[in-house]
Amino acid sequence: MSNKLILGTVQFGLAYGVNNSAGQVTTEQSSAILEHAYNNGVTSLDTASSYGDSELVIGNYIDKNPGKNFNIITKFSNRIDCGLSLETSLQRLRSHKISSILFHSFLHYAENKHELDYFIRKYKDVNVETIGVSVYTNEELAQLGQDDRINVVQLPFNILDNHALRSEAVLELKSRGKTIHTRSAFLQGLFFMDAEKIPEKLSPLKEPINLVKQVCNEHRLNIGHLALQYVLQKSYIDGVLIGVDSVTQLKQNIEWSEVTIPQEVFRIIDTILIEDLNLLNPSTW
Ligand SMILES: NC(=O)c1ccc[n+]([C@@H]2O[C@H](COP(=O)([O-])OP(=O)(O)OC[C@H]3O[C@@H](n4cnc5c(N)ncnc54)[C@H](OP(=O)(O)O)[C@@H]3O)[C@@H](O)[C@H]2O)c1
(Lines give C-alpha, C1' and ligand atoms only; values in the text may rest on other atoms or scores of the structure.)
Protein backbone atom coordinates (compact mmCIF):
# COMPACT_ATOMS: atom_id res chain seq x y z
CA MET A 1 0.00 0.00 0.00
CA SER A 2 1.31 3.44 -0.87
CA ASN A 3 1.70 5.47 2.29
CA LYS A 4 0.58 8.51 0.29
CA LEU A 5 -3.10 7.48 0.25
CA ILE A 6 -5.52 9.71 2.17
CA LEU A 7 -9.13 8.60 2.46
CA GLY A 8 -11.57 11.34 1.41
CA THR A 9 -14.81 11.27 3.40
CA VAL A 10 -17.22 13.69 1.73
CA GLN A 11 -19.03 10.51 0.63
CA PHE A 12 -19.79 9.72 4.33
CA GLY A 13 -21.74 12.95 4.77
CA LEU A 14 -23.26 13.84 1.39
CA ALA A 15 -24.52 12.13 -1.77
CA TYR A 16 -21.45 13.02 -3.83
CA GLY A 17 -19.97 12.40 -7.25
CA VAL A 18 -20.83 12.75 -10.93
CA ASN A 19 -21.24 8.96 -11.32
CA ASN A 20 -22.99 8.32 -8.01
CA SER A 21 -26.27 6.46 -8.33
CA ALA A 22 -26.30 4.93 -4.83
CA GLY A 23 -26.56 8.17 -2.80
CA GLN A 24 -24.82 8.87 0.50
CA VAL A 25 -22.76 6.07 2.05
CA THR A 26 -24.56 4.71 5.15
CA THR A 27 -23.07 4.94 8.65
CA GLU A 28 -22.49 1.17 8.69
CA GLN A 29 -20.70 1.27 5.34
CA SER A 30 -18.66 4.29 6.45
CA SER A 31 -17.54 2.41 9.60
CA ALA A 32 -16.60 -0.62 7.49
CA ILE A 33 -14.59 1.62 5.12
CA LEU A 34 -12.80 3.29 8.07
CA GLU A 35 -12.05 -0.11 9.61
CA HIS A 36 -10.63 -1.51 6.38
CA ALA A 37 -8.65 1.66 5.72
CA TYR A 38 -7.00 1.72 9.16
CA ASN A 39 -6.27 -2.00 9.19
CA ASN A 40 -4.59 -1.71 5.81
CA GLY A 41 -2.41 1.29 6.54
CA VAL A 42 -4.59 4.12 5.19
CA THR A 43 -4.46 6.12 8.40
CA SER A 44 -5.08 9.65 7.10
CA LEU A 45 -8.58 11.07 6.53
CA ASP A 46 -9.80 14.19 4.76
CA THR A 47 -13.08 15.70 5.95
CA ALA A 48 -14.67 19.15 6.34
CA SER A 49 -17.16 20.93 8.56
CA SER A 50 -19.35 21.34 5.47
CA TYR A 51 -19.47 17.64 4.50
CA GLY A 52 -22.82 16.95 6.18
CA ASP A 53 -22.33 14.42 8.98
CA SER A 54 -18.88 13.28 7.84
CA GLU A 55 -17.03 14.62 10.91
CA LEU A 56 -19.66 13.10 13.24
CA VAL A 57 -19.43 9.71 11.52
CA ILE A 58 -15.64 9.75 11.94
CA GLY A 59 -15.95 10.94 15.56
CA ASN A 60 -18.40 8.15 16.41
CA TYR A 61 -16.07 5.59 14.88
CA ILE A 62 -13.08 6.93 16.83
CA ASP A 63 -15.14 6.92 20.02
CA LYS A 64 -15.96 3.24 19.56
CA ASN A 65 -12.42 2.32 18.42
CA PRO A 66 -10.08 4.26 20.71
CA GLY A 67 -6.91 2.57 19.43
CA LYS A 68 -7.45 3.78 15.88
CA ASN A 69 -5.44 6.97 15.75
CA PHE A 70 -6.21 8.48 12.37
CA ASN A 71 -4.39 11.60 11.16
CA ILE A 72 -7.31 13.89 10.42
CA ILE A 73 -7.47 16.82 8.04
CA THR A 74 -10.59 18.97 8.26
CA LYS A 75 -11.60 22.34 6.80
CA PHE A 76 -12.83 25.57 8.34
CA SER A 77 -16.48 26.44 8.14
CA ASN A 78 -17.01 29.64 6.16
CA ARG A 79 -19.78 30.75 8.51
CA ILE A 80 -17.94 31.15 11.83
CA ASP A 81 -14.50 32.37 12.88
CA CYS A 82 -11.50 30.07 12.54
CA GLY A 83 -11.11 29.29 16.26
CA LEU A 84 -14.77 28.43 16.80
CA SER A 85 -14.75 26.33 13.65
CA LEU A 86 -11.77 24.26 14.88
CA GLU A 87 -13.35 23.80 18.32
CA THR A 88 -16.63 22.63 16.75
CA SER A 89 -14.80 20.20 14.47
CA LEU A 90 -12.76 18.80 17.38
CA GLN A 91 -15.97 18.16 19.30
CA ARG A 92 -17.59 16.43 16.34
CA LEU A 93 -14.44 14.40 15.69
CA ARG A 94 -14.13 13.49 19.40
CA SER A 95 -10.46 14.46 19.22
CA HIS A 96 -8.23 16.89 21.09
CA LYS A 97 -5.77 17.26 18.28
CA ILE A 98 -5.87 16.83 14.52
CA SER A 99 -3.11 16.92 11.98
CA SER A 100 -4.38 19.71 9.76
CA ILE A 101 -7.08 22.30 9.16
CA LEU A 102 -7.51 23.89 5.74
CA PHE A 103 -9.39 26.88 4.38
CA HIS A 104 -11.97 25.26 2.11
CA SER A 105 -11.26 27.66 -0.75
CA PHE A 106 -8.73 30.30 -1.75
CA LEU A 107 -11.43 32.96 -1.36
CA HIS A 108 -12.10 31.88 2.22
CA TYR A 109 -8.36 32.06 2.93
CA ALA A 110 -8.08 35.52 1.33
CA GLU A 111 -11.01 36.83 3.38
CA ASN A 112 -9.86 35.35 6.70
CA LYS A 113 -6.06 35.30 6.67
CA HIS A 114 -6.00 38.27 9.07
CA GLU A 115 -7.24 35.83 11.76
CA LEU A 116 -4.33 33.47 11.27
CA ASP A 117 -1.73 35.00 13.63
CA TYR A 118 -4.14 34.84 16.55
CA PHE A 119 -5.33 31.37 15.53
CA ILE A 120 -1.75 30.05 15.37
CA ARG A 121 -0.86 31.48 18.81
CA LYS A 122 -3.91 29.86 20.38
CA TYR A 123 -4.26 26.51 18.61
CA LYS A 124 -1.15 25.52 16.65
CA ASP A 125 0.75 22.55 18.12
CA VAL A 126 -1.88 22.35 20.88
CA ASN A 127 -4.92 21.29 18.83
CA VAL A 128 -3.69 21.28 15.24
CA GLU A 129 -0.30 20.58 13.71
CA THR A 130 -0.52 22.31 10.35
CA ILE A 131 -2.65 24.83 8.46
CA GLY A 132 -3.50 24.77 4.79
CA VAL A 133 -5.64 25.91 1.89
CA SER A 134 -7.66 23.92 -0.63
CA VAL A 135 -7.43 25.52 -4.07
CA TYR A 136 -8.56 24.94 -7.65
CA THR A 137 -6.40 27.03 -9.99
CA ASN A 138 -2.70 27.62 -10.69
CA GLU A 139 -3.22 31.34 -10.03
CA GLU A 140 -4.37 30.49 -6.52
CA LEU A 141 -1.43 28.12 -6.04
CA ALA A 142 1.02 30.83 -7.03
CA GLN A 143 -0.27 33.22 -4.39
CA LEU A 144 0.22 30.80 -1.49
CA GLY A 145 3.98 30.56 -1.83
CA GLN A 146 4.47 33.87 -0.03
CA ASP A 147 2.56 32.96 3.14
CA ASP A 148 4.84 31.05 5.52
CA ARG A 149 1.92 30.33 7.87
CA ILE A 150 0.44 27.98 5.26
CA ASN A 151 1.97 24.49 5.51
CA VAL A 152 -0.34 22.35 3.34
CA VAL A 153 -1.87 22.96 -0.08
CA GLN A 154 -4.57 20.67 -1.50
CA LEU A 155 -5.34 20.84 -5.22
CA PRO A 156 -7.03 18.82 -7.97
CA PHE A 157 -4.60 16.71 -10.00
CA ASN A 158 -5.28 13.86 -12.38
CA ILE A 159 -4.44 12.34 -15.76
CA LEU A 160 -6.19 15.22 -17.58
CA ASP A 161 -5.54 18.05 -15.12
CA ASN A 162 -1.99 17.08 -15.41
CA HIS A 163 1.76 17.36 -15.02
CA ALA A 164 2.13 19.72 -17.99
CA LEU A 165 -0.47 22.10 -16.61
CA ARG A 166 0.36 21.96 -12.93
CA SER A 167 3.90 20.77 -12.18
CA GLU A 168 5.64 24.16 -12.38
CA ALA A 169 3.27 25.80 -9.90
CA VAL A 170 3.45 22.81 -7.56
CA LEU A 171 7.25 22.59 -7.67
CA GLU A 172 7.45 26.26 -6.75
CA LEU A 173 5.35 25.57 -3.65
CA LYS A 174 7.48 22.51 -2.81
CA SER A 175 10.60 24.66 -2.98
CA ARG A 176 8.99 26.82 -0.30
CA GLY A 177 8.51 23.82 1.98
CA LYS A 178 4.78 23.26 1.51
CA THR A 179 3.21 19.80 1.78
CA ILE A 180 1.23 18.98 -1.38
CA HIS A 181 -2.00 16.96 -1.26
CA THR A 182 -4.09 16.23 -4.34
CA ARG A 183 -7.74 15.29 -4.87
CA SER A 184 -9.81 14.45 -8.00
CA ALA A 185 -7.60 11.47 -8.96
CA PHE A 186 -10.72 9.92 -10.56
CA LEU A 187 -12.36 13.28 -11.38
CA GLN A 188 -15.22 12.46 -8.98
CA GLY A 189 -15.69 9.08 -10.67
CA LEU A 190 -15.99 10.47 -14.23
CA PHE A 191 -13.15 8.26 -15.50
CA PHE A 192 -15.21 5.18 -14.66
CA MET A 193 -18.33 6.34 -16.53
CA ASP A 194 -19.50 4.84 -19.81
CA ALA A 195 -19.11 7.47 -22.54
CA GLU A 196 -22.86 7.61 -23.26
CA LYS A 197 -23.61 8.45 -19.63
CA ILE A 198 -21.23 11.42 -19.42
CA PRO A 199 -23.38 14.55 -18.88
CA GLU A 200 -23.90 16.76 -21.94
CA LYS A 201 -22.03 19.75 -20.44
CA LEU A 202 -18.93 17.54 -20.03
CA SER A 203 -19.17 16.01 -23.51
CA PRO A 204 -15.92 17.71 -24.73
CA LEU A 205 -14.15 15.38 -22.27
CA LYS A 206 -15.45 12.26 -24.05
CA GLU A 207 -12.74 12.25 -26.69
CA PRO A 208 -9.78 12.77 -24.33
CA ILE A 209 -11.16 10.12 -21.95
CA ASN A 210 -11.53 7.80 -24.92
CA LEU A 211 -7.86 8.42 -25.82
CA VAL A 212 -6.88 7.52 -22.25
CA LYS A 213 -8.96 4.34 -22.51
CA GLN A 214 -7.18 3.42 -25.75
CA VAL A 215 -3.80 3.78 -24.01
CA CYS A 216 -5.17 1.59 -21.18
CA ASN A 217 -6.30 -1.06 -23.67
CA GLU A 218 -2.92 -1.08 -25.42
CA HIS A 219 -1.09 -1.50 -22.11
CA ARG A 220 -3.72 -3.78 -20.51
CA LEU A 221 -4.35 -1.38 -17.69
CA ASN A 222 -7.52 -0.46 -15.84
CA ILE A 223 -8.19 3.29 -16.12
CA GLY A 224 -8.51 3.51 -12.31
CA HIS A 225 -5.09 1.94 -11.87
CA LEU A 226 -3.58 4.34 -14.40
CA ALA A 227 -5.35 7.34 -12.84
CA LEU A 228 -4.19 6.49 -9.33
CA GLN A 229 -0.59 5.66 -10.17
CA TYR A 230 -0.34 8.76 -12.38
CA VAL A 231 -0.67 10.86 -9.23
CA LEU A 232 1.02 8.54 -6.71
CA GLN A 233 4.18 8.30 -8.82
CA LYS A 234 4.77 12.07 -8.86
CA SER A 235 7.57 12.64 -6.37
CA TYR A 236 6.43 16.22 -5.70
CA ILE A 237 3.05 15.00 -4.39
CA ASP A 238 3.03 14.06 -0.69
CA GLY A 239 -0.54 12.82 -0.25
CA VAL A 240 -3.26 11.58 -2.64
CA LEU A 241 -6.91 11.78 -1.61
CA ILE A 242 -9.23 9.09 -2.90
CA GLY A 243 -12.98 9.03 -2.48
CA VAL A 244 -14.75 5.68 -2.24
CA ASP A 245 -18.35 4.53 -1.88
CA SER A 246 -17.62 1.03 -0.59
CA VAL A 247 -15.05 -1.30 0.97
CA THR A 248 -14.84 -3.00 -2.44
CA GLN A 249 -13.69 0.23 -4.11
CA LEU A 250 -11.22 0.87 -1.29
CA LYS A 251 -9.75 -2.63 -1.60
CA GLN A 252 -9.44 -2.14 -5.35
CA ASN A 253 -7.72 1.23 -4.92
CA ILE A 254 -5.29 -0.17 -2.35
CA GLU A 255 -4.43 -2.96 -4.82
CA TRP A 256 -3.88 -0.40 -7.60
CA SER A 257 -1.69 1.66 -5.27
CA GLU A 258 0.68 -1.29 -4.89
CA VAL A 259 1.54 -1.78 -8.58
CA THR A 260 3.53 0.96 -10.31
CA ILE A 261 3.22 1.77 -14.03
CA PRO A 262 6.13 2.54 -16.39
CA GLN A 263 6.78 6.27 -16.90
CA GLU A 264 6.59 5.84 -20.69
CA VAL A 265 2.83 5.27 -20.37
CA PHE A 266 2.48 8.55 -18.49
CA ARG A 267 4.44 10.34 -21.21
CA ILE A 268 1.76 9.30 -23.71
CA ILE A 269 -0.98 10.44 -21.34
CA ASP A 270 0.77 13.82 -20.97
CA THR A 271 0.28 14.52 -24.67
CA ILE A 272 -3.50 14.70 -24.12
CA LEU A 273 -4.23 18.34 -23.35
CA ILE A 274 -7.53 19.94 -22.33
CA GLU A 275 -7.95 23.57 -23.36
CA ASP A 276 -11.07 24.53 -21.42
CA LEU A 277 -9.85 24.14 -17.85
CA ASN A 278 -13.37 24.68 -16.48
CA LEU A 279 -14.14 21.17 -17.69
CA LEU A 280 -11.65 19.87 -15.13
CA ASN A 281 -12.99 21.93 -12.25
CA PRO A 282 -15.96 20.15 -10.59
CA SER A 283 -16.86 23.34 -8.74
CA THR A 284 -17.99 24.81 -12.12
CA TRP A 285 -19.99 21.74 -13.26
N1 LIG B 1 -12.39 21.69 -2.23
C2 LIG B 1 -12.11 20.62 -1.54
O3 LIG B 1 -11.45 20.72 -0.56
C4 LIG B 1 -12.62 19.27 -1.97
C5 LIG B 1 -13.50 19.16 -3.04
C6 LIG B 1 -13.93 17.89 -3.41
C7 LIG B 1 -13.49 16.76 -2.72
N8 LIG B 1 -12.63 16.89 -1.66
C9 LIG B 1 -12.14 15.71 -0.91
O10 LIG B 1 -11.61 14.81 -1.83
C11 LIG B 1 -12.17 13.51 -1.59
C12 LIG B 1 -12.27 12.73 -2.88
O13 LIG B 1 -13.16 13.40 -3.76
P14 LIG B 1 -12.77 13.56 -5.28
O15 LIG B 1 -13.70 14.52 -5.92
O16 LIG B 1 -11.31 13.80 -5.36
O17 LIG B 1 -13.14 12.11 -5.78
P18 LIG B 1 -12.24 11.07 -6.61
O19 LIG B 1 -11.35 10.36 -5.66
O20 LIG B 1 -11.71 11.71 -7.83
O21 LIG B 1 -13.44 10.07 -7.09
C22 LIG B 1 -14.14 9.36 -6.11
C23 LIG B 1 -15.24 8.55 -6.76
O24 LIG B 1 -14.68 7.68 -7.75
C25 LIG B 1 -15.41 6.46 -7.74
N26 LIG B 1 -14.47 5.38 -7.43
C27 LIG B 1 -13.43 5.40 -6.54
N28 LIG B 1 -12.77 4.25 -6.54
C29 LIG B 1 -13.37 3.46 -7.47
C30 LIG B 1 -13.14 2.14 -7.94
N31 LIG B 1 -12.13 1.39 -7.47
N32 LIG B 1 -13.96 1.65 -8.91
C33 LIG B 1 -14.97 2.39 -9.42
N34 LIG B 1 -15.24 3.67 -9.01
C35 LIG B 1 -14.46 4.18 -8.05
C36 LIG B 1 -16.48 6.57 -6.67
O37 LIG B 1 -17.65 7.15 -7.26
P38 LIG B 1 -18.95 6.34 -7.79
O39 LIG B 1 -18.85 4.93 -7.32
O40 LIG B 1 -20.09 7.11 -7.25
O41 LIG B 1 -18.81 6.50 -9.25
C42 LIG B 1 -15.91 7.64 -5.76
O43 LIG B 1 -16.87 8.33 -4.99
C44 LIG B 1 -13.52 13.77 -0.96
O45 LIG B 1 -13.96 12.65 -0.21
C46 LIG B 1 -13.19 14.95 -0.11
O47 LIG B 1 -12.63 14.49 1.12
C48 LIG B 1 -12.18 18.15 -1.30
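Q: What do α1, β8 and α11 each supply to the shell around the ligand?
A: At least two residues each, from α1 (10-13), β8 (239-243) and α11 (247-257). These elements are DSSP runs numbered from the N terminus (helices: H or I, at least four residues; strands: E, at least two). α11 gives the largest share, 4 residues. The model is predicted: local features need pLDDT of at least 70, side-chain atom pairs need 80 or more, and totals for chains, interfaces and linings use all residues. Numbering runs from 1 along each chain as its sequence is written, and side-chain values use heavy atoms, without hydrogens or water.

Q: How many residues surround the ligand, and which are the closest?
A: The count is 30, with Gln11, Tyr16, Asp46, Ser184 and Asp245 closest. A residue counts as near if one of its heavy atoms lies within 4 Å.

Q: What space does the ligand take?
A: The largest pocket. A molecule sits in a pocket if more than half of its atoms lie within 2 Å of its grid points.

Q: What makes a space a pocket?
A: On a 1 Å grid over protein atoms alone, a 1.4 Å probe fits in an open set with protein on both sides within 12 Å along at least five of seven lines; lining residues have an atom within 4 Å of a point.

Q: Which residues line the largest pocket nearest its centre?
A: Val10, Gln11, Tyr16, Gln188 and Gly243, among 36 lining residues. α11 supplies the largest share, 5 residues.
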